[in-house]
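Here's a quick briefing to read alongside the structure.

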Amino acid sequence: MASDLVAKAKEAFIDDHFDLAVDLYSQAIAITPNNAQLFADRAQANIKLHNFTEAVADANKAIELDPSMAKTYMRKGLACMKLEQYQTAKATLETGASLAPGESRFTSLIKQCDERIAEEAGELPKHATVETSASVVPPAESKSTDNVVAVPKDTQLAYGLSYEVTPAVKPKYRHEFYQKPEEVVVIIFAKGIPAENVSVDFGEQILSVSIDIPGKVAYSFQPRLFDKIIPQKCRYEVMSTKIEIRLAKAESVHWTSLEYTREIVVVQRPNVSSDSHKPSYPSSKLRCKDWDKLEAQVKKEEKEEKLDGDAALNKFFRDIYKDADEDARRAMMKSFVESNGTALSTNWNEVGTKKVEGSPPDGMELKKWEY
């Protein structure tokens, strides 16, 4: 079945067995050749193998079958950038960005394409610096800048002068994590970041965080996680001083690190006692009550309670009604209602076929209530 092959291919990809993933995706494609998702996923595996030409071919086929998948344009754009086809990459990424307006990674990659295109056109970025020989620029030990002049680009090229482009500094945000049995909480300390400039995506074992502020180099944090998560249950919140991300664990195992490691580790599962008794916490003994025990005590007190007068009589009638069968209950209700509360019988055979007349106590007269 193609679905079985796809499941195995995804598992192979997660385990970094990209060759196997490509082979399994190819087998699945042979069964369902019109499935755009399969071509898009095989393109991703080919990118991991640096098979960029094959990745572009797979992405083109996926776009032909389903032109609405934004991630396919992302993968084709990445492959084209690796092949140094920046114009094609930019056009592809712009199409993908139109399908996913809120995805900041498209914006970041398009900026990179613009920079590479400008370099190929011979246009130095504003932050470019020029390395020249000592005959053109004063020695490093000289602190005077009075004699420094701008060297025309043509002159620099004619004399074989080299250009060194100083890359913009990528912002770095400190992050840390802590965990509970059911979730891992990742905190990125980024102060004063607008929520609209933050993009967080969750995969089966991938976390992708992007911070894209206009005029600054985009920040990207994409770790492969220690273990699998449940993307649908994950969430995040952008606060004034940090970004708090909650990852729902697929299994209640202890993560020894946030990111996946190839090292053999002993997975520590939380101890789950087979004893069905509820845990007791010493610190809460003074505040909490055993409600089952309390309920049993109340019932016992009610049963043993000694009542007088009408209260005792009502309790007596309640006890009779509670323990009576259906006919006895019907007899009690009928006799009580028809006698205006002056008679009570449990014999349905006696009261079921006739109206029960009222019998007021001695010295009292029964009158009909007038509304």
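**Cysteines, rings and a sheet**

There are zero disulfides in this structure. Keep in mind that this is a predicted model. A search of the whole structure does turn up three aromatic pairs, and there's an open sheet of three strands to look at too.

**Cysteines**
- Cys 80 isn't in a disulfide; its nearest cysteine sulfur belongs to Cys 113, 8.8 Å away.
- Why don't Cys 80 and Cys 113 count as a disulfide? Their sulfurs are 8.8 Å apart, and a disulfide needs the two sulfur atoms within 2.5 Å.
- Looking from the other end, Cys 113 is in no disulfide either, with the sulfur of Cys 80 as its nearest cysteine sulfur.
- Cys 80 has a relative accessible area of 1%, so it's buried.
- Cys 113 is buried as well, at 0% relative accessibility.

**Aromatic pairs**
- The search of the whole structure gives three aromatic pairs, and one of them is Phe 13 with Phe 18.
- Phe 13 and Phe 18 have ring centres 5.2 Å apart and planes at 65 degrees, so this pair is edge-to-face; the cut-off for that label is over 60 degrees.
- Both of these rings, Phe 13 and Phe 18, belong to buried residues.
- Phe 226 and Trp 255 make a tilted pair, at 6.0 Å centre to centre with 40 degrees between the planes.
- Where do Phe 226 and Trp 255 sit in the chain? Phe 226 is in the loop between β7 (219–221) and β8 (235–238), while Trp 255 is in the loop between β9 (243–248) and α9 (291–304).
- That puts the two residues 29 residues apart, so the pair links distant parts of the chain.
- Phe 226 is buried, with a relative accessible area of 10%, and Trp 255 is buried at 2%.

**Charges over rings**
- Arg 174 lies over the face of Phe 189, 4.1 Å from the ring centre.
- Arg 330 has its charged end over the ring of Trp 348, 4.2 Å from the centre of that ring.

**The three-stranded sheet**
- The strands of this open sheet come in the order β5-β6-β7, with antiparallel pairing.
- Which strands are at the edges? They're β5 (198–202) and β7, each of which pairs on one side only.
- On average, neighbouring strands of the sheet are turned by 10 degrees against each other, ignoring direction.
- β5 and β6 (residues 207–211) run antiparallel and are joined by five bridges.
- Val 200 stands opposite Val 209, which is in β6.

Methods
Residues are numbered from 1 along each chain as its sequence is written. This is a predicted model: local features need pLDDT of at least 70, side-chain atom pairs count only at pLDDT 80 or more; totals for chains, interfaces and linings use all residues. Side-chain values use heavy atoms; hydrogens and water are left out. Rings of Phe, Tyr and Trp (its six-membered ring) pair if their centres lie within 6.5 Å; planes under 30 degrees apart count as stacked, over 60 as edge-to-face and the rest as tilted. Buried means under 20% relative accessible area, exposed over 50%, partly exposed in between (1.4 Å probe, protein chains only). Helices (H or I, at least four residues) and strands (E, at least two) are DSSP runs, numbered from the N terminus. A charge sits over a ring if NZ of Lys or CZ of Arg is within 6 Å of the ring centre and within 35 degrees of the ring normal. Two strands pair if DSSP finds at least two bridges between them. Axes are lines fitted to C-alpha atoms, for helices over the stretch in contact, and angles run from 0 to 180 degrees between N-to-C directions.
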